[in-house]
Structures are given as structure tokens and as C-alpha cells.
Amino acid sequence: MKTKPLGGTGVDVPEIGLGAWQYRGGIAPLRHGIELGANLIDTAEMYRTEDVVGEAVRGMRDRVFIASKVSGDHLGYDQVLRAADASLRRLDIDTIDLYQVHWPSRSTPVAETMRAMETLADTGRIRYIGVSNFSTDELDEARSAMNHHPIVSNQVLYNLRRREIERTLMPYCLRHDVTVIAYTPLDSGRLAGKPGLFAAKGARTLQEIAGEYGKTPAQVALNWCTGHEGVIAIPKSDSIKRTEENCGASDWRLSDEDMARLDRAFA
Ligand SMILES: NC(=O)c1ccc[n+]([C@@H]2O[C@H](COP(=O)([O-])OP(=O)(O)OC[C@H]3O[C@@H](n4cnc5c(N)ncnc54)[C@H](OP(=O)(O)O)[C@@H]3O)[C@@H](O)[C@H]2O)c1
């Protein structure tokens, strides 16, 4: 599994991690993914999957990078501290590797939230601070509010069919050492052949390229995401077989020409 640096932390994370929203697969697919090198698991307090993630990593905690999130409704100073402690209990671990603000708040000033995130890092309850669903302006404001810890990642919607971040957010993240964690990288399964794919513009090119590389459409769609500098992807699958397929999106690269073919096909 290829890795990429997480922000400017000096820590490397796999370019394909394991998403856990609506995850119902039990511990086996997560463990299989970890064995294949996809040793970053993304969960959140609102996913109600922190307990199964904790169970899956028991006995191998030191090999896994665990990312969780505080809900966008809990962004007051005390609320963030309480949410993190509850997540730690459900995950049954001492430290969350990456703690992310799930959504920007409309009511709580970002400086207050970030002060709590820094307290969590100072007290060892989390290692690194990230955000999610932050626009360029929101990320800029949040970064300005940090006193002594950086924001190392922004988890955002990114796949062949949803490329809004390419215009300003992605270049901003690259400039400021903020890793983009691409969520819904398979467009909820549509890019992997779930119903809807064949109606999608670009599907034929995706299938052609998959055939040329001897890969599946899902593997090509994920490799296209991670083919961008500073981007990792976190597909979710309940199945061991599909988790293995998704991990097979790493350790090879689409050519620049085929990246451009996909860009044009899904433009
Ligand atoms: N920060 C946020 O606001 C936010 C929002 C959404 C998602 N996320 C994160 O991103 C992760 C992934 O996003 P997502 O779950 O929305 O969508 P996704 O990963 O694009 O797609 C998941 C869907 O694709 C199917 N699938 C996965 N691999 C497949 C394969 N190789 N072949 C065929 N079907 C496949 C899954 O079914 P099976 O499970 O049956 O395989 C599931 O229905 C989430 O789990 C979560 O961690 C974050």
C-alpha cells in the first residue's frame, strides 16, 4: 500500500483508508483491510461505529491510525472535550490519532472550537487536528485561530463525479500542507458499478480504462483520486472481498494521459 504524508506531521498514512459511515460489516473486513495496509480507519461520533472500530483494532492498536470526528452540533469548548472523551471510551483507546471537526458551526466561533481541539492535543487525548467539510474561507479562518498546533487535514467530498474542490480548495490545501481526505470516493458505489453508474457520463471511459489496466472500475476511480498530490481516499465497504478490491487501487498509477481522459469524460 502506497502512503502519503499527513500534512506536515512527518507521519505517513495509507493512500487508501477504510471509511466507517453506515458500516455494518463487523470486525472482519476492517481487519482484512488493515492486513492489506489500509491501516487508517475513519469514523465519527455520529456514525455509531466507534465501538466496532475499537473492537476491530483490539490487539493491533499500534498498527492502526484512527480518525474520528466531533459532530458539528458539539463545537462549544466543553462540548468538544466531552465528545472526545466519549469517543475515546467507545473506541476503547487512549489517544485518537486524528480528531476532526465534522462540519463548520454556524453558531460557535471557530476560535472556541479550535481552542478545545488544541487542549485535547496538549493533554494527549488526540494526536493531530483535522477538519471536514470546510471551504477555503472556513479553513483559512480555522488555521488563523490555531495557537500552536496545525490543521493537518480537511475531509471533503471528492470523486470523479464531484470535483468542486479542484478549483480553489485543493490548491489551497496543497499550498498549506493540509491533506485532503476524499470521502465518498466511489460516489456511494455508483462508480463501482452499483445501479446508476451506467447512466453516468464517463462510465464507458471508466470501464474502458479499467479493462486496459486489468483493474475494476472501483479501483480506477480510487486510483484517480489518489493520483492527485496530497489526496488520500477512504472508501467504505462491508465486505471482505470489496475491501480487498479497494485496497487493490494502490501500488500502481494511472498514466497522466489516462487521468486526463477520465477528467474529460467526467467533465
Ligand atoms: N466527513 C463527512 O461528512 C463524510 C461524509 C460521507 C462519508 N464520509 C466518510 O467517507 C467514507 C466513504 O464514503 P461513503 O460511504 O459515503 O461512500 P463510498 O465509499 O463512495 O461508497 C460506499 C458504497 O459503495 C459500495 N462499495 C464499496 N466498495 C465497493 C466495490 N469495490 N464494488 C462495489 N461497491 C462498493 C459500498 O457497499 P458495500 O459496503 O456493500 O461494499 C457502499 O454502498 C465514509 O464511510 C465515511 O468514513 C465522511
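Predicted model: local features only at pLDDT ≥ 70, side-chain atom pairs only at ≥ 80, totals over all residues.
Local features are reported at pLDDT of at least 70 and side-chain atom pairs at pLDDT 80 or more, while totals for chains, interfaces and linings use all residues. Residues are numbered from 1 along each chain as its sequence is written.

Around the ligand are 28 residues, of which Gly19, Tyr183, Leu186, Gly189 and Lys236 come nearest; a residue counts as near if its C-beta atom, placed from the backbone, lies within 6 Å of the molecule. Helix 9 (residues 240-247) gives the largest share of this shell, three residues. Helices here are DSSP runs of H or I with at least four residues, and strands are runs of E with at least two, numbered from the N terminus.

Helix 9 also packs with helix 1 (residues 27-35), at an angle of about 25° and with the axes 9 Å apart. Helix 1 is therefore roughly parallel to helix 9 (angles under 35 degrees count as such). Axes are lines fitted to C-alpha atoms over the stretch in contact, and angles run from 0 to 180 degrees between N-to-C directions. Ala28, Pro29, His32 and Gly33 of helix 1 meet Ile240, Thr243, Glu244 and Cys247 of helix 9, contact being C-beta atoms, placed from the backbone, within 7 Å.

Most residues other than glycine have a negative phi. Gln22, however, has a positive phi of about 55°, and Asp251 one of about 75°. Gln22 lies between strand 3 (18-19) and helix 1, and Asp251 between helix 9 and helix 10 (256-265). Gln22 counts as exposed because it has 11 C-beta neighbours inside 10 Å; Asp251, with 12, is exposed too.

Definitions and conventions
Parallel < 35°, antiparallel > 145°, perpendicular 65-115°, else oblique. Contact = placed C-beta atoms within 7 Å. Buried ≥ 20, exposed ≤ 12 C-beta atoms within 10 Å, placed from the backbone.
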